[in-house]
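Hi everyone. I have one structure to show you today. Please take a look at it first.

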Amino acid sequence: MPDPYVPKEAIGHGDGGSAALAIGEAESLERRPGAGPPGPEPLGKPRSLWSDAWHDLYRSPVFVISALVIVFLVIIAIWPQLIATGNPYRADLAKAQQGSQPGHPFGFDTQGRDVYTRVVYGARASITVGVCATTGAALLGSLLGGLAGFFGGWGDTLLSRLADIFFGIPVILGGLVFLSVVTSTTVWPVVGFIVLLGWPQISRIARGSVVTAKQNDYVQAARALGAGNGRMLLRHIAPNAVAPVIVVATIALGTYIALEATLSYLGAGLKPPTVSWGIDISAASTYIRSAPHMLLWPAGALSITVLAFIMLGDAVRDALDPKLR
């Protein structure tokens, strides 16, 4: 009598039936006497895109290293006195351009100010500009791009043409023109300029994500059930369209920090007495032969910061992009 647990379709069908019968008999022998037929294995709770992404991120060395560097930079930007007890404005002309000394590992600049202290305090301006500019550009671009992609029509066309105009403005030249008339020594004019030229890129990403998301079946089902536009945008489309925006914004943050340093180097960005890596690099470029330490330390800090944010963005992109799984 055939084993009741072997499918009938597997009996008497050549080699395939014999193999299936053998497998069924082996499984019957392994079961305890009186045990019922094998059922499907219990499935765990399915993980969402975000839980899958976090599972990949915390196992990624690139993400862990870049995240630790960024956390350290944010801490010293908020509380620079934790690792630098000196005054970044204190000058001693007798020590101008001198190299490393006990208690002053990075040496002194042309005015006798401690380079180490200025490098630590310079993180505040760069991180503030990067975070605020990225947040502003992401919010403005996501709002405009998301609405344009969802409603379409003349608003979508108008936004696309407006974005093309901003894409045609050279960033450095636009910064030199826009910021040359600003006399403020705070970071906000630079933040405003970067948001002004940064939102079109985010808006295009957000628009494409919303256009793709609103074509999914669950959105059509919600519309058929009578869900309003606001509910569909907030509950169904936005959570599934925000991932590309986060990736682009994370990578752009490092780019905005480099842009601030470039504009400050050219004299159009942050202005003294603000402590900035770009300002210190600009002041030290003339003395690169006689006192290279004045240039290398702020330039190194800037490079590490930009690289950390770009590496973080790459890791987030790899984790959130389903095509790379």
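**A cis bond, a positive phi and a helix pair**

Start with Pro273, which sits in the loop between H9 and helix H10 (277-284). Helices here are DSSP runs (H or I, at least four residues), numbered from the N terminus. The peptide bond from Pro272 to Pro273 is cis, and its omega is near 10 degrees.

A word on the source. This is a predicted model, where local features need pLDDT of at least 70, side-chain atom pairs count only at pLDDT 80 or more, and totals for chains, interfaces and linings use all residues. Residues are numbered from 1 along each chain as its sequence is written, and side-chain values use heavy atoms, with hydrogens and water left out.

Next, Gln97. Its place is the loop between helix H3 (61-78) and helix H4 (115-151). Gln97 is not a glycine, yet its phi is positive, about 65 degrees. Most residues other than glycine have a negative phi, and most peptide bonds are trans. Gln97 has 29% relative accessibility, so it counts as partly exposed (buried is under 20% relative accessible area, exposed over 50%, partly exposed in between, with a 1.4 Å probe and protein chains only).

Last, the helix pair. The axes of H8 (residues 217-224) and H9 (residues 229-265) come within 11 Å and cross at roughly 165 degrees. Axes are lines fitted to C-alpha atoms, for helices over the stretch in contact, and angles run from 0 to 180 degrees between N-to-C directions. That makes H8 roughly antiparallel to H9 (the cut-off is over 145 degrees; under 35 is roughly parallel, 65 to 115 roughly perpendicular, and the rest oblique).

Key
Helices (H or I, at least four residues) and strands (E, at least two) are DSSP runs, numbered from the N terminus.
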